[in-house]
Amino acid sequence: MADTPEEIKKAQKKYLLIGLILFVFTVVTVSVATVPWLDFGEHGFDARDATIGLVIATIKAGLVGAIFMHLSHEKKTIYVLIVIGILMGIFLMGLTGWVFGDPTEYGNSVEGDGFYNPEVMAEQH
Amino acid sequence: MEIPHTVTPRKDNGLFNAKVGIWLFLASEVMLFGGLFSAYVFMRIYADYPWPERALPIVPGLINTFVLIGSSVTVVFAWASLKMRQWRRFQIFMAITIACAGIFMVLKAIEYKAKWDHQAVRVDDFTIVEGHVHYATILSNGKVEHFHTKKEAQEAGEKDAETANKVAEEKVTTAAKEKDEEFDGLGKADLWKAGKPFKANVVLFKPETIDFSLVRAHESWVNAMLEQAEKRKSRLVTARDLFIYGDIEDYSGTESEPMSSKARAEQEAQLVKKFAMADEKKDRKFGQNSLFIPAGTLLSYTLLEEARKVFVAGRAHNAATRTTILKENWKKVKEKWPGDKYWEQASEARIDAATQLDEQVDEAGNCSAGSKVVSLVSTLSFKMDPPQPLIIKRSWIKRPVKEQDGKAELRDDTSLNAGEGEDAAPGLLESPLALSVDAIDFRWVAQKAEEAGNDPMEMIEQSWIFSKANKNGSTYRKIWKVHKKRIGQLEQRLIDKYGKDEEGKPRRVATETDRYRVTWQDFVHYARAEHDALMPGDSGFDDLRPKFWNGFAGPNHKDEEIHKLHAFPELEIPHHKVSMQSMFTPKWNTYYAIYFTLTGLHGLHVVGGAIVLSYYLFFSKGLYRRNPEWLANRVEVGGLFWHFVDLVWIFLFPILYLM
């Protein structure tokens, strides 16, 4: 980690460069979404555009984390904290996903879709 | 006492205290935002309506991204300056960071305001109409007029009030002259005051009578109606003398001295006489828990409350009486069949309090003399004198009101009733939702059509907005014709460029949004083309299209060119065609709910971060002199939080604005 005044003086150039890269990436993201000839995949917004947007965002977030938040050379304790945080975050997302993947059976599902179907319900009564 | 490890690192993990603290906090923040992002993902995947894709104006979001990235750089420079012991430089960079936070919040506020001012309507055939809702004002003659802007409505209201007061004054002056009396102007109470302009997305009702449920009447709604009646120089009063009883002794005397119907009528007549002696007509208590409400009593929530107390007491009494009768019944049953279990007696026994109570009630529903139960009054009816329009919010109404009903029921069981006869109040007034349209979305119509196995285009063209029932229908039919032609050309261009596959299907087609959503850019585009007499396919047609950076926070209804071209045409949607209406607020749909949750929470982080950074800037000179390294550590921790705020935005921007 840049800690001495000399090292910090040197690191400043790096910070500026990262800032510039972040600006450029932002422009790229917006261009992919707005300029017709930069439209990847199908015409208009689709999964490929979403992937490109999210990959660029992840790279940007990685740069902010690694350089601005000094995560590229941090102490072990910090990494442990972050990994636990991220894993818990993913676990929470998984819980929501689990709920959607395991809907309550109403006993009136259409071809076993497992969802509540008011029309079928009405027919049964 | 000196706190250890504010500057020197701990031996076990090599970190100073605050850094462990901030990272613990950031880890919890990762989980918080992670949860919300997953909410967004699942809401989008499982949305049962067409998701608003790329619905937000990109420019303010883009500027905010630049601003936050810039501030992330400056905050790290501020920290570096402290490390190098350059106080002045630290001040400059920190000040820039805080200014960036300010710019971010201002842009956010502009964006939020645009959402709050923008009307969305779902027509009952699932067409979504967006636009700028018109304003209305109620004039002194009880008529409702619509205007494009709040200012116009305000001015018209004031002008009307001025004229009305002039006419009234002249009338009174002439009358006074005829009688040779002196007259020095109308009193303050007699003057007509211009009403506040209101958004034309409400239902207007001119009731003859209003019935309030004593148990459920909603205080703020009652007061809102009262206030409106007062403003429009009308009164809500009871139409007839009414006695309500909560106490059996007031009603039918004591057991030793039962009161006959005749005796009760005499007592009531005496009470009327007694209360008529007083100057002021108001609610009167008598007996233990009963109330006399003379005809002409003004509505107030207190009166409803008083009457409710009487009703509740009466209801409790009747319930207790019923229980007593049941108990006596069971006692008799047990005496008749001793030793049996109750279920063995059930088929034989007569355990029926209701019939026995009914026997005490005559055909007209009045309880007979010597009755054990009191007649209950659960609603109070008030006459509106003279009938004046009342503004009723759509959300108050229980179910959509139809013109022929002449009656509206509110969710608190209040009923607004039309009168009978030619001169009576009509009840429901024609109150269309009027707006200048800047977008129409047929994607939901198409989705419903596809679900039912119909042709989307056919269903769209059968929708109300293009029908003859819509008096502005021809305008929209014309726009749709141009739109269809433009999309046809787009599809052709895609085929020319990317060709067709083996099955002869085009490799690329126009999106659902292209096809079924007429955006504000489309409206402006087609209006410009019409002005220049161009059609899709003509050279120069495509150049007329607004760019994504036009319209800073969305469609600008005040724009001179748009105004001149009349690019955003009017539409009046009859209120019974409106299934739902809302501003672009969390109420409108789950997209705006999650948008406001995510950006609102992020905005709070920006404000919180800016406060902490401001503290470093303005209140830390002393610490800098005493222990500059400690301050540098503090700034590093504040900076880490600031970077995290930037990091969240890095994801929010593409997810909400570009996808």
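**Before you start.** The model is predicted: local features need pLDDT of at least 70, side-chain atom pairs count only at pLDDT 80 or more, and totals for chains, interfaces and linings use all residues. Residues are numbered from 1 along each chain as its sequence is written, while chains are lettered from A and ligands numbered from 1 in the order in which they are written.

**Colour by confidence.** The predictor's confidence in each residue, from 0 to 100, is its pLDDT. Chain B has a mean of 88, with 93% of its residues at 70 or more. Helices (H or I, at least four residues) and strands (E, at least two) are DSSP runs numbered from the N terminus. For the complex, the predictor gives an ipTM of 0.85 and a pTM of 0.84.

**Colour by domain.** Bounds here come from an automatic or database domain assignment. In chain B, select 17-118 + 586-658 for domain 1, 140-190 for domain 2, 198-428 for domain 3 and 437-583 for domain 4. The C-alpha centres of domains 1 and 2 of chain B are 55 Å apart.

**Go to the meeting with chain A.** Two residues are in contact if their C-beta atoms, placed from the backbone, lie within 7 Å. Chain B brings 46 residues to the contact and chain A brings 42. On the side of chain B, the elements giving two or more residues are α1 (17-45), α2 (58-83), α14 (512-516) and α19 (628-658).

**Select helix α13 (residues 473-498) of chain B.** Its 26 residues reach 37 Å from first C-alpha to last, close to the 38 Å expected at 1.5 Å a residue; that expected span is 1.5 Å times one less than the number of residues. Which residues of α13(B) are buried? They are Tyr476(B), Ile479(B), Val482(B), His483(B) and Arg486(B). Buried means 20 or more other C-beta atoms, placed from the backbone, within 10 Å of a residue's own; exposed means 12 or fewer, and partly exposed is in between. Show β18 (517-518) and α15 (520-531) of chain B, which are included in what covers them.

**Finish at Ser140(B).** Look in the loop between β3 (135-138) and β4 (144-147) of chain B. Ser140(B) counts as buried because it has 20 C-beta neighbours inside 10 Å. Beyond its neighbours within four places in sequence, Ser140(B) is in contact with Asp160(B), Ala161(B), Ala164(B) and Trp192(B).
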